[in-house]
Amino acid sequence: MTNQPLPLAQLPSWKSLESHVTKLKSLHLRELFADDPVRGKEMTLETLGIYLDYSKNRIQRETLALLFDLARQCDLPNKIAAMFRGDRINITEDRPVLHTALRAKREQSILVEGANVVPDVHAVLEKMRSFCEKIRSGEWKGQTGKRIRNIVNIGIGGSDLGPVMAYEALRKYTDRSLNFRFVSNVDGTDFSECVHDLDPSETLFIVASKTFTTLETMTNAQSARSWLVEGLGGQESAVAKHFVAVSTNASKVSAFGIDTDNMFGFWDWVGGRYSMISAIGLSTMLAIGPTEFESLLDGFHEMDEHFRTSELEQNMPVLMGLISILYVNFFDVQSIAVLPYEQYLKRFPAYLQQLTMESNGKSTTLEGQRVDYKTSPVYWGEPGTNGQHSFYQLIHQGTALIPCDFIAFVEPGNPLGRHHDILIANAIAQAEALAFGKTAEQVQSEGTAPWLVPHRVFDGNRPSNTLFMQKLDPCTLGKLIALYEHIVFVQGAIWNIDSFDQWGVELGKVLAQKIVGEIESVSEPLLGHDSSTNTLVDRYRKRKK
Ligand code: F6P
C-alpha cells in the first residue's frame, strides 16, 4: 500500500527538518515579519470561501518546502488517492475508509468489492428525506395520534458528537417548532434530565449506534423504551411509532424491537467519528430539513474534491496538517487549541477531540512497530471570548507552546449592536498578541516599576492559524469539518499509523462489563483484580443503597 522506503525518522526530509528547525527555533516571529514585509499577505491560502492566514506560524518558505518534501517522501499523494479509491487502508479492521462516498454526487462511482456504493448512499438519503418530511409536516403521528414535537438522539462518541455539534452550529437553520435533545452518557442523570419535561406521546427517539451493541447507548435506549411504554399506558405497540434506529446492524435493531423499515442503514466502511453525514445525521436532517442538509453535504464534497485534486502546496488540509506535524515532531508541542470566535460552534472543539485523538492517538506503525516519534497532540478549546478569561493566560505566558487555530466569520450569527465587531477584534488581537508579545522595553516605557516588568512581559513567538470565512451556514460547516477530517488524514499518513481503528477503547469496555457483574452480584464476588481495584469495587458494593 505504501511506497515509503524508510522509517519516518530516517527520511532525508525529516533529517533536514531537524537541522532546519534548530535554526528556526532561534528566530522570533517579530524578525520573520520584519524581514519579510509581505508575509502576512502571501502566507495565506484562500479556497472554497475559506481564507487561511498561516503567516503567524514559526515557519519560513524553506520550512514549507521541507514539509512538502516530507509529504512526498511519505507518499502522501498516493495515500490520499488510496483512501478515495476505497483501498482497505484501515488495515487492522481490513476495511476501506470511505466517508467521502457519503457525500459523493449521484453520478459518481465508488467501488467496494466490485459494487458501486454511491446508489446505496443516495437510497438511504432518499429514505431519510421522506421520513424527515413526514415528521416535519406532522404527517407522522405518535401512538395517540399527536404529531411529534420532541426528537431525542440516543448515541455516544461518533453517534452523538457530530449530531450535537451540527445541531448547535446550525441552530439558526433549525425548525424551532421541534425540540431536539441528545442523550449520550450512561449516567442516568443524562436521560432523566433529558426527558423530565417531555410528553412521551409527542416524543421520537432515534437510537443511533453503528454497532447497536454499545453499552451506554443500549442502556439508554432500554430506559427510553420503558419510559415511553409506561408513559403511554403500557402499550408495547407504541415503540413502532416512537423509535427509529440508525445502524449497520439490522439483526440487533430488530432484536431490540425496532422494525427494520424504521431503520436507516450505513456501512462498515464509515468510521463512527466520520459518520455525522451518514444516516447518523438523521437528527441533523430533521432539524435543518433536507435542502439545507444537502448544502451541508455539498460543503463536505467540495472540500473532499479540493483535498483530492489540489497540488500539495495549494492544499489546505495538507498545509495545516504539515504545520501541525512541524510543531508536534520538531517543537515538542503537546497540544493544539481550536478557538472558534462563533458561539454556534461551541461544541466544535468537543467534536474535534474524538476526530483527532481517537484517530491519531496511536503508537504503532502500519508495519506493527512502536513509533519513535510523537503522534497526536491533545486537541482542545472553547469559544472565544470565553477562553480569554480562562486559559489564555497559559497560552500567552505559560511554559508550554500551544499553537492555536482561530476560527472566525465576517457575518454575525445574530447582528446585535457592536457585539460582532468586538468579537472579531478580539480574535484578531489574540493572534497578534500571541505572535508579537510585548518586550521588556515596551513594558518599561509605560512606566512600569522595574520589579513588575518581568511579570508583564509577553514573550510572543506563539504560533497560530486564522481561518476566516464569510458566514456560518450548512455548506461552510461542511467544508470546515471536512477540512479537519483531512488534516487528521494527513497527520496519520505522515505518522504511518492506522487513523481509522480505535483498539484503545476496548480494554476499558471489557473490564467495565466484568466489574458491572461483580458490583451487581448477589453473592460476594471473588475479586481477582489488583488491590486498588478490588478495594474500590468492594467499597462501592458495601456503600451503595
Ligand atoms: O468507543 C469508541 C466507539 O467505538 C467510537 O469509535 C464510536 O463512535 C462510539 O464508540 C459509538 O459506537 P456505536 O456507534 O457503535 O454505538
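A polar contact here is a pair of N or O atoms within 3.5 Å; within protein, one atom must be able to donate a hydrogen and the other to accept it, and residues adjacent in sequence count only if both atoms are side-chain atoms. Welcome to this predicted model, in which local features need pLDDT of at least 70, side-chain atom pairs count only at pLDDT 80 or more, and totals for chains, interfaces and linings use all residues. Residues are numbered from 1 along each chain as its sequence is written, and side-chain values use heavy atoms, with hydrogens and water left out.

View 1. Start with K210, where a backbone N or O atom lies 2.7 Å from an oxygen atom of the ligand. S159 brings a polar side-chain atom to 2.7 Å from a ligand oxygen atom. For T211, an N or O atom of the side chain is 2.6 Å from an oxygen atom of the ligand. The protein buries 88% of the 390 Å² that the ligand exposes when taken alone (accessible areas by the Shrake-Rupley method with a 1.4 Å probe; for residues, only the protein chains shown count as cover).

**View 2. The shell around the ligand.** There are 14 residues around the ligand, and S159, S209, T211, T214 and E358 come nearest (a residue is near if one of its heavy atoms lies within 4 Å of the molecule). The shell divides into 2 nonpolar, 9 polar and 3 charged residues. In this scheme Ala, Val, Leu, Ile, Met, Phe, Trp, Tyr, Cys and Pro are nonpolar, Asp, Glu, Lys and Arg are charged, and the others, Gly among them, are polar.

**View 3. The largest pocket.** This is where the ligand sits, meaning that more than half of its atoms lie within 2 Å of the pocket's grid points. On a 1 Å grid over the protein atoms alone, a pocket is an open set of points with protein on both sides within 12 Å along at least five of seven lines, a cavity is a set where a 1.4 Å probe fits but cannot get out, and lining residues have an atom within 4 Å of a point. The largest pocket holds about 1,100 Å³ of space; a volume is the space filled by probe spheres set on the points, which are joined across faces, edges and corners. Its lining has 39 residues, with T211, T214, V505, E506 and K509 closest to the centre. Two or more lining residues come from each of α9 (215-231), α14 (348-360) and α20 (506-520), and α20 gives the most, with 5 residues. Helices (H or I, at least four residues) and strands (E, at least two) are DSSP runs numbered from the N terminus.

**View 4. The second largest pocket.** Here the volume is about 290 Å³. Among the 13 lining residues, Q343, N414, H419, H420 and L423 lie nearest the centre. The lining has 4 nonpolar, 8 polar and 1 charged residues.

**View 5. The second largest cavity.** M320, S324, I336, D405 and N465 are the closest to its centre among 14 lining residues. α13 gives the most to this lining, with 4 residues. By class, the lining has 9 nonpolar, 4 polar and 1 charged residues.

**View 6. Two backbone details.** Most residues other than glycine have a negative phi, and most peptide bonds are trans. L48, in the loop between β1 (44-47) and β2 (50-53), has a positive phi of about 55 degrees although it is not a glycine. G384 and T385 are joined by a cis peptide bond, with omega about 5 degrees.
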